[in-house]
Amino acid sequence: MRMTDIQHCEARPGLLVEWTLDQEAIETATGLPEDSRPPAYVQESHIRTAKSVREDGLFVPTWLGTAFDIPGMVDLDVLQDALRAWTLRHETLRSGFRWAGDELRRFTLDAEAVVLHREVVGEFSDVERLVQRLQDRFDVAANALSWPNFIYAAIVRDDGTSVYMAFDHSNVDGYSIQRIPAEIHELCAAAVEGRPIQWEPVGSYVDFCEIERADADRIDDTHEIVARWREFIDLCGGDLPNFPVDLGLDPGGALPTQKLMHDMLVDADDIAAFDEACRPFGGVPVGLLAATSLVVHKIGGEPAFRTVVPFHTRAKTEWQDSVGWYVGGAPIEIHTAQAVDFRCILEMVHTAVHANRPMARMPISRVLRLLGSDFRPTSPDLYSIVSFIDARHLPGSERWTELKAYGLVRVSYGDRVCAWFNRLHEGLYFAGRYPDTDIAYKNMRLYVEQMREVILSVARNGPGEPV
């Protein structure tokens, strides 16, 4: 799925309809007893960061979402039933948190209490005004510091309906949102055709949070993983790494606004050839990290590339189709300046990923707590990322272009770089969120152009070319 912001997802005029959790359900939730299942460390870190940034006087929206079309006439009752059924399938969406002093305590609404409230907002002929309305509503309704923190919308036209769904990041990851269009399509189609849905039950992310946290709480500051993170953070100057090129940041200055950059890097044939060249070392994921290491070395001059690589934590089958934030991070260090050719960098990355990937199963927030350092977050992103998803095998992915299906990221404030690479049926797609400075724009543009050059060179000449 192409990741973009809401300004670039082909919005078109029409009748705007919105769904939020019904007020009676919200009031029921206020009186619910505590759910003993704790937040995941990544959820707690996310919410505490939002609170910290808000206390510093800045409102930073952090929602993720999706947009996609349903062709033809759409019965809003059918769509509403589909949205409710899908919501009930994923327990995390009816589970939230409240503060008890400085502690986060979970509550979870019963499935039968979940009712969606539909509001017909009105006709919008001005696309720019429509998009601004959607963004403003999503900022408020899919917010880390309030509950419920999701909202659904539809733009209804005679020839079809565009569906928009937004969630605070605490409940979803990039993989979760890319599964949504096919599931909503299937629910609507089944209702129209009068047939039952043959879906296996999915695991609850709320249950996963409890399991992961119990496992994380078994380690202490003497654990090997903590020692390895301590060493890595020391190498990074006492902080988690940012993108190692000049971003034009003002040290100690206010959190900058961000911009989004997106581009189809190479076509399907070229990324397939690149994959083949990198396959002995781990294929495209390793190849992209190796290419990034080489490119940022050329731009920024740092002899070593240090980054935190995101990996999914959906270790068991029951979590595969579940909506949640199933992501951990592992530190890697690549001594790029020592490489004589691209194959050498591939070997370094392969070795580092193989050695460190198991560390992603231990939440970074738990490690930082055990390190005892003052990591009071001042930015929504703890560190910069280079992420990769091969989305070709996701249900419905072959129709994403036809259905104008997009993954949506909110671009607001931040001093880090988030780079997302998605392998689609059409090729390799890049989207990057970066600080809005002239220097950052110049260097991110260089990064994208040189990544394309490296990928094409390796695809056509193999990995043995000198670097």
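Gly-328 counts as buried, since its relative accessibility is 8%, where buried means under 20% relative accessible area, exposed means over 50% and partly exposed lies in between, with a 1.4 Å probe and protein chains only. The model is a predicted one, in which local features need pLDDT of at least 70 and side-chain atom pairs count only at pLDDT 80 or more, while totals for chains, interfaces and linings use all residues. Residues are numbered from 1 along each chain as its sequence is written, and side-chain values use heavy atoms, with hydrogens and water left out.

Gly-328 lies in strand 11, which covers residues 327-334; helices (H or I, at least four residues) and strands (E, at least two) are DSSP runs numbered from the N terminus. When its neighbours within four places in sequence are left aside, Gly-328 is in contact (heavy atoms within 4.5 Å) with Val-309, Pro-310, Phe-311, Thr-313 and Ala-360. Between the C-alpha atoms of Gly-328 and Gly-282, which are 46 residues apart along the chain, the separation is 19 Å.

For the protein chain as a whole, the secondary structure comes to 12 helices and 15 strands. The radius of gyration is 22 Å, close to the 23 Å that the globule rule gives for 467 residues, so the chain is as compact as a globular protein of that length; this radius is taken over C-alpha atoms, and the rule is 2.2 Å times the number of residues to the power 0.38. Along the principal axes, the C-alpha atoms fill a box of roughly 60 × 50 × 45 Å. Of the 467 residues, 57% count as buried. Among contacts between residues at least 6 apart in sequence, 82% join residues at least 24 apart.

Seven strands form an open sheet with mixed pairing, in the order 1-13-3-8-7-2-6, where two strands pair if DSSP finds at least two bridges between them. Strand 1 (2-4) and strand 6 (116-124) are the edge strands, and each pairs on one side only. On average, neighbouring strands of this sheet are turned by 20° against each other, direction ignored. Within the sheet, strand 3 (residues 63-71) and strand 13 (residues 406-409) pair in the antiparallel sense over four bridges, and Ala-67 stands opposite Tyr-406 in strand 13. Helix 5 (residues 174-193) packs on the sheet and touches strand 1, strand 3, strand 8 (160-168) and strand 13, its direction making about 30° with that of strand 3; axes are lines fitted to C-alpha atoms, for helices over the stretch in contact, and angles run from 0 to 180 degrees between N-to-C directions.

Another open sheet has four strands in the order 9-15-14-12, again with mixed pairing. Strand 9 (258-267) and strand 12 (385-390) stand at its edges with a single partner strand each, so one side of each is left without a neighbour in the sheet. The twist averages 15° from one strand to the next. Strand 12 runs parallel to strand 14 (residues 418-424), and six bridges join them; the bridge partner of Val-386 in strand 14 is Ala-419. Helix 8 (residues 268-278) packs on this sheet, touching strand 9, strand 14 and strand 15 (427-435), and its direction makes about 85° with that of strand 9.

Strand 15 also holds Pro-435, which counts as buried at 0% relative accessibility. Beyond its neighbours within four places in sequence, Pro-435 has contacts that include Leu-247, Leu-249, Gln-258 and Val-417.

In soluble globular proteins, nonpolar side chains tend to be buried together. The largest nonpolar core has 62 residues, and those with the most contacts inside it are Leu-79, Trp-86, Tyr-152, Met-165 and Ile-184; such a core is a set of buried Ala, Val, Leu, Ile, Met, Phe, Trp, Tyr and Cys residues joined through side-chain atoms within 4.5 Å. Helix 3 (residues 76-89) supplies the largest share of this core, six residues. Apart from this core lies another, of 53 residues, among them Cys-278, Phe-281, Ala-419 and Leu-428.

Some backbone features occur in loops. A cis peptide bond, with omega about 0°, joins Trp-147 and Pro-148, and Pro-148 is placed in the loop between helix 4 (127-141) and strand 7 (150-157). Lys-404, in the loop between strand 12 and strand 13, has a positive phi of about 50° although it is not a glycine, and Lys-404 is partly exposed, with a relative accessible area of 25%.
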